[in-house]
Every structure is written in C-alpha cells, then in structure tokens.
Amino acid sequence: MQPLQDRPAPPLARLLLMGSRWFDAACAAELLRMGWPRLSPAQTLVFAYAGFDRLTVPTLARRLGNTRQSTHQLAQGLVDLGLFAFTVDPGRRGGRLLGITERGTALATDAYQVLGRLEATLGGHSAEVLREHLQLIDFERRPLPADPLVAAPTTSPDSGEDPGPTRPTPLAPR
C-alpha cells in the first residue's frame, strides 16, 4: 500500500460529489430538526431539478436521469408530503404538471437559509473562493458530454418540445 503522501490527489469530481452529499445530508438533518419531514437524497434532487417550474413527470425524469416510473413514485411521495402537487396540464389532454406547493416553497426557503449557514461553517473566505471558481466554469452553459448508451434526442430545439435539460434549476427563495 502506498504511503499517504505518495498517493495522487483525489479527482475534483470525487471531492465535489462528497461535498454535495455532505451538504445534502447536513441540510436534511437540520430540516428534520426544524420539524420538516425526512427527505431522501433523491427527493432533495427533485427540488434542485424542478425548482419553481411546473413540469411533466417525463421531463423531470429526463432531468434526473431516471425512468418515468421511478420518477413518478418519487414525485408521488413528495405530493403525499404536501411539498409538491399535480395540476392539470392545459397543453395536453389528460396531462398533469408537477409543481411546488406553498409548503414546499417554505421548506425550500428554510433549506436555502440552512445551506447558507452550512457554507459559513467552511470559513467565509474558503466558501467565497470556491463559489467564485465554480462560477467561472459556468456549468449552466457548458455542454454536457453525450452519453454513448443513450440515443440522441429526436426533438430539435425549434420543435417546441422540452428536450429535458439535465441541469438543476437554481433554487432560491422568491
């Protein structure tokens, strides 16, 4: 086994993933302490990828990279908690849209404040430097690499259909 000092630095992707999971777990624990229901990491991703948009389950499934069935079960769990609700989709006969409720917005607002406090525990300067560097990368505009196991989307950007962006919607209190 290599001595610790001789090992290469861990990949940035691993550090970002571990940091993301730490923030998610710490935020969920604090929200639970505040009286909010226990949310799984998959449920918190719905908040990140749906944001304040109203969207169909297939669109959310594409954003999450899940099947429609598992995404519907995930969404239904959040509906059962009163955090999201299904409404009629005026654009599709028999269609439904998933949207955040007032209770879900209140939870998101509390989560936003909790995440701010968690960032402060990193040390103000460290968190700001990390934020600045990550914002310089501009992940919102950087194209995602093609997945060789998934067929290319059949919709064109001009077709009017939502090809299902795979980037989280920033979730900030309104």
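**Helices and their packing in a predicted model**

Helix α1 (residues 12-33) is built from 22 residues, and its first and last C-alpha atoms lie 31 Å apart, close to the 32 Å expected at 1.5 Å a residue. The expected span here is 1.5 Å times one less than the number of residues in the helix. Just after α1, G35 adopts a positive phi of about 105°. This is a predicted model, so to speak of local features a pLDDT of at least 70 is needed and side-chain atom pairs count only at pLDDT 80 or more, while totals for chains, interfaces and linings use all residues. Residues are numbered from 1 along each chain as its sequence is written, and side-chain values use heavy atoms, with hydrogens and water left out.

Now for the overall layout. The protein has six helices and two strands, and along the sequence they follow the pattern α-α-α-α-β-β-α-α. Helices (H or I, at least four residues) and strands (E, at least two) are DSSP runs, numbered from the N terminus. Of the 174 residues in the protein, 25% are buried; buried means under 20% relative accessible area, exposed means over 50%, and partly exposed is in between, with a 1.4 Å probe and protein chains only. The protein exposes about 12000 Å², and carbon and sulfur atoms supply 59% of that area. Accessible areas come from the Shrake-Rupley method with a 1.4 Å probe, and for residues only the protein chains shown count as cover. As for contacts (heavy atoms within 4.5 Å), take those between residues at least 6 apart in sequence: 60% of them join residues at least 24 apart.

Next comes the way helices pack. Two packed helices are described by the angle between their axes and the distance between the axes. The axes are lines fitted to C-alpha atoms, for helices over the stretch in contact, and the angles run from 0 to 180 degrees between N-to-C directions. Helix α2 (residues 41-50) packs against helix α4 (residues 68-80) at about 85°, and their axes are 10 Å apart. That makes α2 roughly perpendicular to α4, a label for angles of 65 to 115 degrees; under 35 counts as roughly parallel, over 145 as roughly antiparallel and the rest as oblique. On the α2 side A42, Q43, V46 and F47 take part, and they meet L74, G77 and L78 in α4. Sorted by class, this contact has five nonpolar, two polar and no charged residues. Ala, Val, Leu, Ile, Met, Phe, Trp, Tyr, Cys and Pro count as nonpolar, Asp, Glu, Lys and Arg as charged, and the others, Gly among them, as polar.

Helix α2 also meets helix α3 (residues 57-64): the two axes come within 10 Å and cross at roughly 105°. These helices are therefore roughly perpendicular to each other. Here L45, V46, Y49 and A50 in α2 touch L60, R63 and L64 in α3. The contact of α2 with α3 holds six nonpolar, no polar and one charged residues.

Two single residues are worth a look. R68 sits in helix α4 and counts as exposed at 55% relative accessibility. Leaving out residues up to four places away in sequence, R68 touches V57, P58 and A61. E102, found in helix α5 (residues 102-120), is exposed too, with a relative accessible area of 74%. E102 and F84 are 18 residues apart in sequence, yet 8.5 Å apart in space, C-alpha to C-alpha.
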